Amino acid sequence: MFDRIRNLDGILKVVDGKVYFDLEGFNIKIELNSDNEWDVCLDGKQVSSYNTLRDAVFSVIDFHKKNFVLVSNII
């Protein structure tokens, strides 16, 4: 999963005891919450929650495919 996050230009951050992956290019964060689940946040708002990091990453990849598929064609 770390390779997939890295391929999305994700960066692991630990700030004030909070663990999250920041995908700056997409304004997406995957945050570990107090229930040891992973929240996917878009523009600072939680949009979904998953039991595993794997499921959270796959949801971000799916979101990326649906919303940013044309970016590579334009460049």
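How many salt bridges does the count come to? Taking a salt bridge as a side-chain nitrogen of Lys or Arg within 4 Å of a carboxyl oxygen of Asp or Glu, the count comes to three. This is a predicted model, so local features need pLDDT of at least 70 and side-chain atom pairs count only at pLDDT 80 or more, while totals for chains, interfaces and linings use all residues. Residues are numbered from 1 along each chain as its sequence is written, and side-chain values use heavy atoms, with hydrogens and water left out.

One of the three pairs aspartate 3 with arginine 6, at 3.0 Å from N to O. Both partners sit in helix α1 (residues 2-7), three residues apart, or about one turn of the helix; helices here are DSSP runs of H or I with at least four residues, numbered from the N terminus. As for solvent, the labels go by relative accessible area: buried is under 20%, exposed is over 50%, and partly exposed is in between (1.4 Å probe, protein chains only). Aspartate 3 comes out partly exposed at 46%, whereas arginine 6 makes it to exposed at 52%.

Next up is lysine 13 with aspartate 22, whose closest N and O atoms are 3.2 Å apart. Here aspartate 22 is buried, at 9% relative accessible area, and lysine 13 is partly exposed at 24%.

That leaves aspartate 55 and arginine 54, whose side chains meet in a salt bridge at 3.6 Å, N to O. Both ends get the partly exposed label, with aspartate 55 at 31% relative accessibility and arginine 54 at 48%.

Definitions and conventions. Helix = DSSP H or I, 4+ residues; strand = E, 2+ residues; numbered from the N terminus.
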